[in-house]
Amino acid sequence: FNRYWIIGRPVVYCVRDVWSGMIVGMHVALEGPSWKTARFALYNAFSPKGEFLRAHGFNMTDEDWPCAVGCLGLVHDRGEQLTIPSTDSAHDLGFVLSPLPPFRPDPKGSIETMFHWMNKATVQWMPGAVHARARERGERDCRLDAVLTMQQFTRILIHAVLTFNNTADVSDRFDREMEEAGVPN
């Protein structure tokens, strides 16, 4: 409504495929971590991306982000599963939820690394970026320098995801069994 209002830091959800390493879905919100916001990222992961890309100003089709399949299991932060609707929804969709222990980023290193890369490559250099523990008492609040709308921020992250998915080397994940089964490399 007003570009001069401070609306807070966005929460970014990413869904990453274990085998291919591709980011298959994402969602940017202002709400804190919850099943309500996580399911938007899952919906994006399971849906064709053409309409999503066009809604954010990209002249692209489903083939430009060819990730629109379901999953058998979902490894996630524990916070999203603390609500009953999450377990009911997972059961209805036919996949198993596997929560990870709190304060343990090591079991989900691939997605934690992705967030680190996204932060460094896309938003850390922008005005208004929050630098951890960099602010001293009396210094100007970095939030006052923020210049992006949610739409602009989301567009930048989508561009980063597309770049990552098109340049990531997944050759080490392709094994002989898959080659024999006729899976294209």
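Student: Which residues does Thr-154 touch, leaving aside those up to four places away in sequence?

Tutor: A contact means heavy atoms within 4.5 Å, and in this predicted model Thr-154 touches Met-26, Val-28 and His-56, once residues up to four places away in sequence are not counted.

Student: In which element is Thr-154 found, and is Thr-154 buried or exposed?

Tutor: Thr-154 is found in helix α5, which covers residues 150-167. Burial is read from the relative accessible area, with buried meaning under 20%; Thr-154 has a relative accessible area of 9%, and therefore counts as buried.

Student: What share of the protein chain counts as buried, and how much accessible surface does the protein chain have?

Tutor: Of the 185 residues of the protein chain, 30% count as buried, while the accessible surface comes to about 12,500 Å², with 56% of that area belonging to carbon and sulfur atoms.

Student: How should I read the order of the elements along the protein chain?

Tutor: Read from the N terminus on, the order is β-β-α-α-β-α-β-α-α-α, made up of six helices and four strands. As for contacts with a separation of 6 or more, residues 24 or more positions apart account for 51% of them in the protein chain.

Student: What span does helix α1 reach, and which of the residues in α1 are buried?

Tutor: Helix α1, residues 35-46, has 12 residues and reaches 16 Å from its first C-alpha to its last, which is close to the 16 Å expected at 1.5 Å a residue. The buried residues in α1 are Trp-35, Thr-37, Ala-38, Ala-41, Leu-42, Asn-44 and Ala-45.

Conventions: Residues numbered from 1 in each chain as written. Predicted model: local features only at pLDDT ≥ 70, side-chain atom pairs only at ≥ 80, totals over all residues. Heavy atoms only, no water. Helix = DSSP H or I, 4+ residues; strand = E, 2+ residues; numbered from the N terminus. Buried < 20%, exposed > 50% of the residue type's maximum accessible area, 1.4 Å probe, protein only. Areas by Shrake-Rupley, 256 points an atom, 1.4 Å probe, with all protein chains shown as cover. Expected span 1.5 Å × (residues − 1).
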